[in-house]
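Work through the exercises below with the model open. Try each task before reading its solution.

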Amino acid sequence: MIYQKTTDMVQIKKCTFEHMTKSYPCKEKSVLDGCMIMRQSIKPEDVQSPFQVEAYALLFCISGEVNIISDLRSYTVTPGTLFVYLPNNIIKIDCKKESIISGVILAPDYLRKNFLQWNKISPLFIQTANNPVITIPTNRKDELIRMLDNIQERIKTATCSEWNRKAYHAALKTFLYDIISLVNNPEFLKITDIHQSRNQDYFARFMQLVSQYCKKERKVHFYASKLCISSKYLSTIIKEVSGKTPSRWIDEVIMSEAIFLLKYSNATVQEIAFQMNFPNPSFFGKFFKRYTGFSPKSYRNNATLTIS
């Protein structure tokens, strides 16, 4: 279970999409072909441990106010806003008053297998990495919620016939295209040519691989080989799309998880160093201090430290 009635520090939970669909404590959920539609009531006393999921997600706040901590940043999600979750990001959800969230969770391969225009979809998840909260126009909010409810209803009948299943996939595609149409503007999600969209796709795949392998593999060559391109070409693409080098992204993902382990787990610094596959605690300490200015122990002892 992801929610736990406890005040003790807990380990970061990691799960696949399949495990998520089976263990997520939500009464209203429907699952089919790599997609889960859910609606859940969250109460302040539902203490949630940080977790990671190998899936994409679009989360709406139906009522109340939800606080989402994602990779060390805190976001407030209120009615009329949408939160975009990327695979393997560390996330923690809580609230100060009873709230209701609704959303669609997608397995990593779902979009690539079911959308011929993946290059049109991927920017939604890539460009929102640094700004995952999207404001939905007031006149569209209720419509999008109805679309989610419609998809959930279609899941229930999708296995009855091939045409029912096609209708379900069509409804889901319409919903996703509608979301993209809302944020598709020059300041946010503009893809100007085939070259740029291909690079965005490489970036999305690179980030997914980093989230999956960064504990064991930190060389750019490893990720380039996974993508069947040269290290030099990968470095050029990632720098062009994101403004950062592949090595910087790898280090930032490692740092993000290390910080969460220090803040939310009972593991010792030595155990975290071992878990993050550093040669020894001293090497981990130097790495951590180089990026934050603090030793792991100093950070853990003072949760109010500001990391630049």
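The exercises use a predicted model and go from the whole chain to single residues.

**Exercise 1. The chain as a whole**

Task: State how many helices and strands the chain has, and what percentage of its residues count as buried.

Solution: 
- Count the elements. There are 12 helices and 11 strands.
- Turn to burial. The chain has 308 residues, and 49% of them count as buried.
- Look at sequence separation. Take the contacts between residues at least 6 apart in sequence; 70% of these join residues at least 24 apart.

**Exercise 2. Helix α9**

Task: Compare the reach of α9 with the expected span, then decide how far the rest of the structure encloses this helix.

Solution: 
- Start with length. α9 has 19 residues and spans residues 246-264.
- Check the reach. From first C-alpha to last, α9 covers 27 Å, close to the 27 Å expected at 1.5 Å a residue.
- Now burial. Of the 19 residues, 15 are buried, so α9 is largely enclosed by the rest of the structure.

**Exercise 3. α9 against α11**

Task: Classify the packing of α9 and α11 as roughly parallel, roughly antiparallel, roughly perpendicular or oblique, and list the residues that make the contact.

Solution: 
- Get the geometry. The helices α9 and α11 (residues 281-292) pack at about 105°, and their axes are 11 Å apart.
- Apply the cut-off. Angles of 65 to 115 degrees count as roughly perpendicular, so α9 is roughly perpendicular to α11.
- Name the residues. α9 contributes Arg-248, Asp-251, Ile-254, Met-255, Ala-258, Ile-259 and Leu-262. From α11 come Phe-284, Phe-287, Phe-288, Tyr-291 and Thr-292.
- Sort them by class. The contact has 9 nonpolar, 1 polar and 2 charged residues.
- Recall the helix repeat. An α-helix has 3.6 residues a turn, so residues three or four places apart point the same way.

**Exercise 4. Thr-292**

Solution: 
- Thr-292 lies in helix α11.
- Find the partner. The oxygen belongs to the backbone of Phe-288.

**Exercise 5. Ser-230**

Solution: 
- Val-220 is 10 residues away along the chain, and its C-alpha is 9.4 Å from that of Ser-230.

Note on methods
Residues numbered from 1 in each chain as written. Predicted model: local features only at pLDDT ≥ 70, side-chain atom pairs only at ≥ 80, totals over all residues. Heavy atoms only, no water. Axes fitted to C-alpha atoms, helices over the stretch in contact; angles between N-to-C directions. Helix = DSSP H or I, 4+ residues; strand = E, 2+ residues; numbered from the N terminus. Parallel < 35°, antiparallel > 145°, perpendicular 65-115°, else oblique. Contact = heavy atoms within 4.5 Å. Nonpolar A, V, L, I, M, F, W, Y, C, P; charged D, E, K, R; others polar. Expected span 1.5 Å × (residues − 1). Buried < 20%, exposed > 50% of the residue type's maximum accessible area, 1.4 Å probe, protein only. Polar contact = N/O pair within 3.5 Å; in protein donor to acceptor, adjacent residues only side chain to side chain.
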